[in-house]
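Open your viewer, get your selection tool ready, and let's walk through this model stop by stop.

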Amino acid sequence: MIVAKRKPIEEIKKMLKGYKKVLNVGCGTCVAVCLAGGEKEVEVLNAQLDMARRLEEDPIEMGAFTCERQCDREYLGTLDEKVKQYEAILSMACGAGVQFIAERYPDKPVFPAVDTTFIGVNQGVGWYEERCRSCSSCVLGLTGGICPVTMCAKGLFNGPCGGTNKGMCEVSKDQPCAWHMIYERLKQQGRLDCIKELQPMTEWQNQVPRTVIQPGYRKPEKETEQQKA
Amino acid sequence: MAERGEPKSGSRLEKILRAGHFAFTGELGPPRGANAEAVKKKAAHLKGNVDSVNITDNQTAVVRMASWAACIFLLQEGLEPNFQMVCRDRNRLAMQSDILGAYAHGIRNILCLSGDHPKFGDQPNAKGVFDIDSMQLINLVKFMRDEKKFPSGTELDEPPRMFIGAASNPFAEPYEWRVQRLAKKIQAGADFVQTQCIYNMDRFREFMKKAVDMGLHEKCYILAGVTPMKSVGMAQYMAKSVPGMDVPESVINRLRGAGKGKASEEGIKFAIEQIQEFKEMEGVAGVHLMAIEWEHMVPEIAERAGVLPRPELS
């Protein structure tokens, strides 16, 4: 899932300075699961903002709405009527959700309430760890299911570097060396040949905004034209 | 030594190694400023005492004068530089243009490194580039030199005929993989390797035995890394705080045992003993002396280690 961290209240307050009526939109998918921007977090943030602005004698009216997925047009549509009643929108979704809202309501200022942090896993309640950089060129089949792009601080494709430190990465005693783990796992599986050959320079696919159209589908032309208009 | 084919570069270091001489290379860290005199002053200590001088590239992720620029000063002073290039600060495009520019200026050796993570430096949140890694950089230089092409396939009008170097650390885990990694660097195109500073001689002997068993010393010149310890404090720091460094307790105790004010002499003695052993060790083609901020001691160490005079080449 996509993991996010809520921004500090001071930063959010600064963005909302001057606005009196703002709709806070939560997202019910990834950011709700990672406890950053779901229905509950919308309520908490609104209460904080309400209190802070009252203390400053500059009250703000915060609306609340959490849709299933801000990155999905079908769910976003449920916001159309509500948005009209507000000067600005605060989105607690990931960066994709924020942008999709901004695109749908181009006349409304839209502000992010979270910092989108990574694609990761749930290690325990409230504890998440990064696992994927969505590089578009997955090599996990060669590296024992451990991503060198994400888990190696230098993103080496032919590691390990000379900085391994008792199995840990040179950048932190708490971060295991990805290539040490890759070596151990492949050794255990009898697959060290996977990393004996030189892995050539990566043809990076993530240098421009990417689009995926699955086989058998196509971009509906009419809708695209309507969007442009 | 097996047949190594035609010379690959115009490097003096390559000529020395091909002629079967025991190579002796040095190192110079460029200044933290635009100070040409600082480079020339350090170079003067090395001139005539080493075959080639590694010029570090923003080592420990701290900004210094560009490696290629300091290399040019060395050429002007009559020394042969070894241009260190790390993958941290440049993407593949900048690397290719720097390689071409360096070669055009007369630089004939390049040492391909990943580079320390930006976190170690004084601007720790700089974005590390790592577009390619050291293994791929070795391969890139080889491709440009031997295929006379850019990676795109476009012809180069004059290829950079570099003598290609790599680093090898026998002392970082997983130990048993380190010799395989050296083999991989040779496969990628390394002509010579310089090892991490050696203090644990037992582990190095074991590493060299494996390398020789695999015949790696016949495909690539292996230079053993030596850094003389200046003090007990330096030894303790390296043991504790430098990742991938293996300083046995016995080495620290030896320096400590030398007594007050005598640790640096003991450090030099240890380095000289190491060099003498490397001269005899199967598969070791030379020594890379990294006298960190101690360049002025190089003439004495070289003299006492019996590596002077350096061979003259016709």
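How close do the axes of helix H7 (residues 201-213) of chain B and H10(B) come, and at roughly what angle do they cross? Select both: the axes come within 13 Å and cross at roughly 15 degrees. That makes H7(B) roughly parallel to H10(B).

**Before we go on**

This is a predicted model, in which local features need pLDDT of at least 70, side-chain atom pairs count only at pLDDT 80 or more, and totals for chains, interfaces and linings use all residues. Residues are numbered from 1 along each chain as its sequence is written, chains are lettered from A and ligands numbered from 1 in the order in which they are written, and side-chain values use heavy atoms, with hydrogens and water left out.

Helices (H or I, at least four residues) and strands (E, at least two) are DSSP runs, numbered from the N terminus. Axes are lines fitted to C-alpha atoms, for helices over the stretch in contact, and angles run from 0 to 180 degrees between N-to-C directions. Angles under 35 degrees count as roughly parallel, over 145 as roughly antiparallel, 65 to 115 as roughly perpendicular and the rest as oblique.

**Stop 1: H7(B) and H10(B)**

Stay with this pair. Show the side chains of Met201(B), Phe204(B) and Arg205(B) in H7(B), which meet Gln274(B), Glu277(B) and Phe278(B) in H10(B); contact means heavy atoms within 4.5 Å. By class, this contact of H7(B) with H10(B) has three nonpolar, one polar and two charged residues. Here Ala, Val, Leu, Ile, Met, Phe, Trp, Tyr, Cys and Pro count as nonpolar, Asp, Glu, Lys and Arg as charged, and the others, Gly among them, as polar.

**Stop 2: H10(B) and H11(B)**

The crossing of H10(B) and H11(B) is right-handed. Among the residues making the contact are Ile268(B), Ile272(B) and Ile275(B) of H10(B), along with Ile301(B) and Arg304(B) of H11(B). The residues in the contact of H10(B) with H11(B) divide into five nonpolar, one polar and five charged.

Now look at the loop between strand S8 (284-289) and H11 of chain B, where you will find Glu293(B). Glu293(B) has a positive phi of about 50 degrees although it is not a glycine.

**Stop 3: the nonpolar cores**

Which residues touch the most other members of the largest nonpolar core? Select Leu137(B), Phe204(B) and Phe278(B), out of 78 residues in that core. A nonpolar core is a set of buried Ala, Val, Leu, Ile, Met, Phe, Trp, Tyr and Cys residues joined through side-chain atoms within 4.5 Å; buried means under 20% relative accessible area, exposed over 50%, partly exposed in between (1.4 Å probe, protein chains only). Not counting residues up to four places away in sequence, Leu137(B) touches Met85(B), Cys87(B), Met95(B), Ile99(B), Cys112(B), Leu113(B) and Ile132(B). Apart from this core lies another, of 23 residues, among them Val22(A), Cys27(A), Ala36(A) and Leu45(A).

**Stop 4: helix H8 of chain A**

Select residues 178-188 of chain A, which form H8(A); the buried residues of this helix are Ala178(A), Trp179(A), His180(A), Ile182(A), Tyr183(A) and Leu186(A). Their cover includes helix H7 (148-151) and strand S9 (172-176) of chain A together with helix H6 (175-188) of chain B. Just after H8(A), Gly190(A) takes a positive phi of about 65 degrees.

**Stop 5: two cis peptide bonds**

Go to Gly159(A) and Pro160(A), joined by a cis peptide bond with omega of about -5 degrees. In chain B, Glu173(B) and Pro174(B) are joined by a cis peptide bond too, with omega of about -10 degrees.

**Stop 6: Phe120(B)**

Is Phe120(B) buried, exposed or partly exposed? At 34% relative accessibility, Phe120(B) counts as partly exposed. Not counting residues up to four places away in sequence, Phe120(B) touches Glu170(A), Val171(A), Thr60(B) and Pro243(B).

Definitions and conventions: Left-handed = near helix turned anticlockwise from the far one by under 90°.
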